[in-house]
Amino acid sequence: MNIKFRLILMNFMQFFIWGAWLLTIGNYWFSNNLGTGTQFGAIFSTMGISAIFMPALMGILADRYINAEKLYGILHILGGCVLACLPLVKDPSMFFWVMLLNMFFYMPTLSLSITVAYSALKNTGNDVVKVYPPIRTWGTVGFIVALWTVTLTDNETSSNQFYIAAAVAFALGIYAFTLPKCPPLLNRDKSKTLTDRLGLKAFTLFKTPRFAIFFAFSMLLGAALQLTNAYGDAFIGEFKNIPAYKSTFAVRYPAFIMSISQMSETLFILAIPFFLRKFGIKNVMLFSMLAWVLRFGLFAFGNPADGLWMIILSCIVYGMAFDFFNISGSLFVETQTTPEIRGSAQGLFMMMVNGFGALFGSLASGVIIDKFFTLADNSRNWHGIWLTFAAYALVIAVVFPFVFRYKHNAALKHAIAHA
């Protein structure tokens with residue numbers, strides 16, 4: 001089998017597993033009255049908790065002790081076992097611990113999949129920079145197909161979504177053992193200290209004001225990302241309690257509507273080079289923040305009938321909100337750090353976004369929704385929720401251009417020119 005196709009299949013299943021439940025678990029949680037908004041925020045925080053340290057720990061194992069493709073397969077099989085048990089859990093506290101265990105197994109596979117792909121492509125003489133991005137795009141396709149599978153089979157509020165994810169996790173776990181070997185290499189280099197391997201050296205960047213500010217905003221925007229992942233599907237799904245909207249397409253298949261966000265990602269990725277050359281990296285980051293304001297604001301005024309266009313437009317805007325900061329931010333890190341800490345600096349960037357940012361967003365949003373926007377009948381004031389989130393994003397966007405200052409260097413200019 002062609003190596004590119006094998007890696008496409010790996011990426012497709014990798015993100016299918018996540019897409020089968022990530023956007024629909026909120027609908028499942030609230031529709032089945034499994035707990036409060038605060039408790040759900042804790043459930044969603046498991047991604048942030050695991051992202052802070054598990055990828056680094058598993059990276060050490062793959063670097064020193066076990067083939068990356070084997071570790072990748074083992075983690076998916078273990079994750080599949082946990083996902084299959086999740087529907088049996090009804091207690092909110094136990095649900096948290098089981099989901100945390102699942103994320104301990106899943107989150108490291110995101111980086112391990114890249115390690116396996118890069119190794120396989122390099123060993124077969126492929127140009128990683130040119131060949132890998134189209135392969136990775138199939139991960140987004142897998143995420144979308146998973147969403148469609150769950151929504152079109154009417155499983156958005158059903159525990160079947162976890163069984164679907166578990167089945168694909170088992171399949172990918174077994175398939176991983178057939179992938180090209182990716183043996184440990186760090187044994188050959190004794191010069192790296194434990195601090196270097198854990199990426200802790202990159203924390204010295206916090207001594208530089210522009211990086212301290214950049215990482216702070218990375219965390220704040222990471223929190224914004226979790227808000228739509230956690231509550232977008234549940235928001236549309238709760239319109240079923242209003243007779244005028246109950247039979248609309250969006251209410252029957254909310255995950256199908258939400259999947260437009262992932263489709264938008266692929267389009268805005270293609271547009272990033274133009275925006276970088278035309279407006280510069282700082283403005284592209286600012287566009288991302290303003291896009292988050294629109295994302296939440298359009299949700300606040302949208303509905304599944306005559307206001308469906310607002311929800312759809314919000315999903316389209318998501319591509320700019322998500323990709324513009326993540327990709328321009330990684331480019332900033334790549335060109336503004338020295339080569340010896342570049343890799344760990346990228347890891348720190350992702351830790352701030354997907355680790356601390358996700359943890360902050362999940363916990364804070366759950367408490368805010370419970371305290372201020374949960375009504376007596378246990379329904380939620382979504383208009384107020386989304387306006388609050390929009391105000392949060394607007395404050396970030398207003399403050400950012402005044403406090404984030406940096407100077408172009410030759411590397412950054414070259415990267416933008418050739419983006």
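**Enclosed spaces, helices and core**

Modeller: The largest cavity holds about 70 Å³ of space. Please keep in mind that this is a predicted model, where local features need pLDDT of at least 70, side-chain atom pairs count only at pLDDT 80 or more, and totals for chains, interfaces and linings use all residues. Residues are numbered from 1 along each chain as its sequence is written, and side-chain values use heavy atoms, with hydrogens and water left out.

Colleague: What makes a space a cavity, and what makes it a pocket?

Modeller: Both are found on a 1 Å grid over the protein atoms alone. In a cavity a 1.4 Å probe fits but cannot get out, whereas a pocket is an open set of points with protein on both sides within 12 Å along at least five of seven lines. Grid points are joined across faces, edges and corners, and the volume is the space filled by probe spheres set on the points. By this rule there are two cavities of 30 Å³ or more.

Colleague: How do you know which residues line the largest cavity?

Modeller: A lining residue has an atom within 4 Å of a point. The residues that pass for the largest cavity include Ser218, Leu225, Trp292, Phe322 and Val353. The helices α9 (209–237), α12 (281–301) and α13 (308–336) each supply at least two residues of this lining.

Colleague: How does the lining of the largest cavity divide by class?

Modeller: Into seven nonpolar, four polar and no charged residues. Nonpolar covers Ala, Val, Leu, Ile, Met, Phe, Trp, Tyr, Cys and Pro; charged covers Asp, Glu, Lys and Arg; the others, Gly among them, are polar.

Colleague: What about the second largest cavity?

Modeller: Its space is about 50 Å³. Its lining has six nonpolar, five polar and no charged residues, and among them are Ile17, His76, Asn102, Tyr106 and Ala169. Helix α4 (68–85) gives the largest share, five residues.

Colleague: Which classes line the second largest pocket?

Modeller: That pocket has a volume of about 170 Å³. Its lining counts two nonpolar, five polar and four charged residues; Asn27, Asp154, Lys240 and Arg252 are among the lining residues.

Colleague: Is Asp154 buried or exposed?

Modeller: Buried means under 20% relative accessible area, exposed over 50%, and partly exposed in between, using a 1.4 Å probe and protein chains only. Asp154 has 54%, so it counts as exposed. Asp154 sits in the loop between α6 (128–152) and α7 (160–176), and its phi is near 55°, positive in a residue other than glycine. Most residues other than glycine have a negative phi. Asn33, in the loop between α2 (25–31) and α3 (37–64), also has a positive phi, near 50°. At 59% relative accessibility, Asn33 is therefore exposed.

Colleague: What makes a stretch a helix, and how many are there?

Modeller: Helices are DSSP runs of H or I with at least four residues, and strands are E runs of at least two, numbered from the N terminus. The protein has 16 helices and zero strands.

Colleague: How do you know the span of α7 agrees with its number of residues?

Modeller: The expected span is 1.5 Å times one less than the number of residues. For the 17 residues of α7 that should give 24 Å, and the end C-alpha atoms are 24 Å apart, so the two agree.

Colleague: What is a nonpolar core, and which residues touch the most other members of the largest one?

Modeller: A core is a set of buried Ala, Val, Leu, Ile, Met, Phe, Trp, Tyr and Cys residues joined through side-chain atoms within 4.5 Å. The largest has 134 residues, and Trp18, Trp21 and Phe95 touch the most other members. Helix α5 gives the most to this core, 15 residues. Leaving aside neighbours within four places in sequence, Trp18 has contacts (heavy atoms within 4.5 Å) that include Met47, Met107 and Phe143.

Colleague: Why is Gly19 called buried?

Modeller: Its relative accessible area is 0%, so Gly19 counts as buried. Gly19 lies in helix α1 and touches Phe143, Ala146 and Leu147, not counting residues up to four places away. Ile3 and Ala120 are 117 residues apart in sequence but 7.6 Å apart in space, C-alpha to C-alpha.
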